[in-house]
Structure formats: structure tokens, C-alpha cells
Amino acid sequence: MRTNPHILEINTRLWLNRLAKKHNQTFTLDTVPMEYWEKVKAGGFDAIWFLGVWQASPKAKEIAQSFTPLTDAIKTIYPDYSKEDIGASPFAVYDYNVDAVLGGNDALIRLRETLNGMGIAVFLDFVGNHLAVDHPKTLSNPDFFINNGTTEPPADKKNLFYKTENGVWIANGRDPHFPSWTDTAQLNYFNPDTQAFMLNTLKHAASMCDGVRCDMAMLTLNKVHSDIWKDYLSKYPYPHEEFWSSAVRAVREIDHDFVFIAEVYWGLEWEIQELGFDYTYDKILYDRLRYSTPESIKGHLNAEHLYQKRSIRFIANHDEEVAIKAFGKEKSFAAAAIISTISGARMFHLFQLHGRSSHIPIQYLADPFEEDMEVYNFYTRLLLEINNPAYHGGQWSMKDVYADGENQTYKNVMSWVWAQANTHKFVIINYCNCESVCYLDVKKLDTAVAVESFATHPVDGNLEEWLKGKVVLKPFEIKIVTM
């Protein structure tokens, strides 16, 4: 893949259902019309993350269909929804083989061959922290999981567990800051047999793709696992190595170029990167873009260079509110331009590009939202611009902006440049819902020709003079100048 790759997230089952409705026929992974993959290629994407291809859990589907907060969330947008359109969470994995409804493993292998031939990598999910509540190993190997044996947990802990048909109380998977995921069984990573099983599972999944996006990767760290589950780990020695370290090493012995992406929070991004991950979620940037100030964002972008290169930037995914609602449409465009023109991997959700207007739980597989052509056209233009080699082989650097006298609105303006050989991409963004004024220090304009290659508002008059002098930017204005 290129430096600063572009990754497209697709909610696989929902997308195929939308295609089925559009074309009046069902599709598996290997029967999707080529025109769709050609559009992905034309958009400059280096990889597709296919969310939710693994065999779905029957019990997780049953739980989802009766989970009131989930059905209420769907009902607020689609009051006449059908219960049958709710499926299992893709993060409650029953088996790491491709679901038959998607065509099985063979369909995925054929699709991967097609996409790899187009220069597009295939990424899949690996959910290391837990498995589905009805995974066969919960019955055959209950010690793979955090459990209380056949003894009922005390009253203050009972809500963390469920009872299998064999009478064993197994913990549900959980992030300690939120309620347990009741459709999942929490793995015990202090048990060496669990680690061996999950490593073999990962190797199997890796054999069918070019990279994995590892769900909630920090929950598997020894210190985190110990803090959450210490009351149930006393009979196991503290592991001498992190699971991720040994797992990354083992997979890369088979495929040196295999890509590891971590969903990670709590300030543990660098630690996960140090274990061998290529990219880690940059949720801090997302939160600053959504809630904080341009100065705070610029401060974050001044972090250590290697950390920046290995961060994965986004303003939308299956967890977050849709971008045009979370930010507002104009601000979402400016935020998209920011994450698209800094170093690091750039991740886009397919429905973000089409202007999906409301967030729907990932278990709902019949979202008939209508495409917003203004949003679609914006992203078409932006993706074309950032496909330029300068954003991948060039050197990124922040540019200073200066005040116009006492006017402090210059603080709203962010600017940086990509320099590659004789090409310079000069990015200017007013990240504020107000007019902002500043001066820019653009050198070498005496010998360079400036061309406006991307803009939300055209410059009135001479572009070179505009760059050399006082710059007035409309609310959330984006401008990219090629020199």
C-alpha cells in the first residue's frame, strides 16, 4: 500500500442488501458487478475493510432483535421497521469462516483475487476480546473464557455473567466504562490455551485477507485484562509477553506485508503501535475536530512524526454518529479535508461518502437512506485531489499563519504543505463558522505558478496576490493550491 493509504469501510451485509434492492437480485461477495469495484479504484482507495463477513451468531441475532435500546434507535428513524431485518452484531463472531449468505470462504478468496489484481487490499475484522455467547468453545472449552465455574456469581457480579447450557457461568465481554456486551463471551488471555486457540484463529482469518482491523485491541493488553478480571485470574500466571506482540510476529512470519489496524482508546495508542501495529485509531483527533478548537487540533498534529504516520484518521465509522449530523454539513466537509490532507492512514465509511443522514445500529440490515448528491459530489472531488502522489510520497509540514492587526480570527485558520520534487500542495482551511482573516507566508511564489486544485469558494482576482497578502476566508472554507 501507499504511504498514507486510503481505506474504505463497508458494512458488508447492509451494502449487499442495498444492491439487491437496487438490482432486484441477491449478491454474494464474488458476484458484485465490477462497476462497483471500479468506482472504488477510481476513488483512489488502497484497501477495503469488509465489516461483518464472519459466520453470524444465531443467539446474538436473537438478543439483538429483543434488545430494546437497539430497536428503539431503529424505530426513531424507521417506525415501520421489520424485526426480521435485524441481524447479529458482527462483533459477536460465531465462527471465523465467511457466512454462507455471503458466499462462504471461496467467494471471499475470489473477491480478494479480483481486488488484489486492481491494487486494492482486503481487510477483515478480528475481534480478539470475545466470541459469541453461543460459540462452540463456550461448551467444549469453558476455561478459554472468564468464568465462575458452576457456582452462581455473587449478586453484585451476577449481571456480568450468563449461564451456559452446561451450567457454567461465563462472563460477557465488556469495556469497563460501559455495560457488558450480552451477546458475547469474554476470553481469558491469562490462559495459555486461549492464546494458542486465538492465535490459530487469527492465522486462519489472515490467510483470507491482507490485513485485519482488531476490535477494542487495548482490552487484550495484560495490564488492562488484569485490572478488569483480576478476581478470576488467580490460578493463571501473569503472561510473560503481550498476546498482540506474539500474534503480530507469528502472522508476519507467514506474510511479511500483513497489515494490523487497532481500534484503541485511553491513551494506549503508542503502546499498541510499539507491539507491531501498523495503524491505530486516532479518536483524540476525531474528538478535537468535533468538540475543540483549531488551536487544539494544531497542537495534536504537532505530535511525534512516527506516531502521526501510524495513526488512522476518520470522521465517520460504524460506531460514531454520521458525519453530517455530528459536525453539521459544512463543518464535516472541513473536517474531512483535514483528515484527508495530513499524514497517516485515512479511513472513510462508504455511507459517509453518500451522505447518510442518520446513524443506524450495525445490526439493522435494511437501511434505505437516500443519497445526498451534494455530499457525494464533495467527496468525489476531495478523493480525486488527495489521490495525487504528493499526498503519499511528499513531505508534510505545518505552515504558520499570522494575525491581521488586532484581528484574532487568524487562530481559526489551519495551513500545511505537501512538498514532493517540484510539486507543492498548499492546504488552507478556516475551521470556524465565521469569516476569518490572516496573512500567509508562502515562499517561492515569484518563480512558481499557483493553481487552485480544490476549493469550496473560488478566489476573486489573482491567486498569487491573494496568497501573498491578506487572506479572507469564508466559514469552513477549504482551499488547496498547487504550486
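Predicted model: local features only at pLDDT ≥ 70, side-chain atom pairs only at ≥ 80, totals over all residues.
**Entry 1: helix α5**

I began with α5, which covers residues 104-117 and has 14 residues. From its first C-alpha to its last I get 20 Å, close to the 20 Å expected at 1.5 Å a residue.

Next I asked which residues of α5 are buried. The list is Gly104, Ala107, Leu108, Leu111, Arg112 and Leu115. Looking down the axis of α5, I found these buried residues within an arc of 135°, so they line one face of the helix. I was pleased to note that Arg112 is on the buried list too.

Then I turned to the face of α5 pointing away from the buried side, where the exposed residues Asp106, Glu113 and Gly117 sit.

What covers the buried residues of α5? I noted a helix, α2 (34-42), and the strands β2 (47-51), β4 (93-98) and β5 (121-126) among the covering elements.

**Entry 2: α11 against α15**

I moved on to helix α11 (residues 283-291) and helix α15 (residues 329-340). Their axes come within 10 Å and cross at roughly 150°. I logged the crossing of α11 past α15 as right-handed.

Which residues make the contact? From α11 I have Leu285, Leu289 and Arg290, and from α15 Lys331, Ala335, Ile338 and Ile339. Sorted by class, this contact of α11 with α15 comes to 5 nonpolar and 2 charged residues, with no polar ones.

Definitions and conventions
Residues numbered from 1 in each chain as written. Heavy atoms only, no water. Helix = DSSP H or I, 4+ residues; strand = E, 2+ residues; numbered from the N terminus. Expected span 1.5 Å × (residues − 1). Buried < 20%, exposed > 50% of the residue type's maximum accessible area, 1.4 Å probe, protein only. Arc of directions from axis to C-beta. Contact = heavy atoms within 4.5 Å. Axes fitted to C-alpha atoms, helices over the stretch in contact; angles between N-to-C directions. Left-handed = near helix turned anticlockwise from the far one by under 90°. Nonpolar A, V, L, I, M, F, W, Y, C, P; charged D, E, K, R; others polar.
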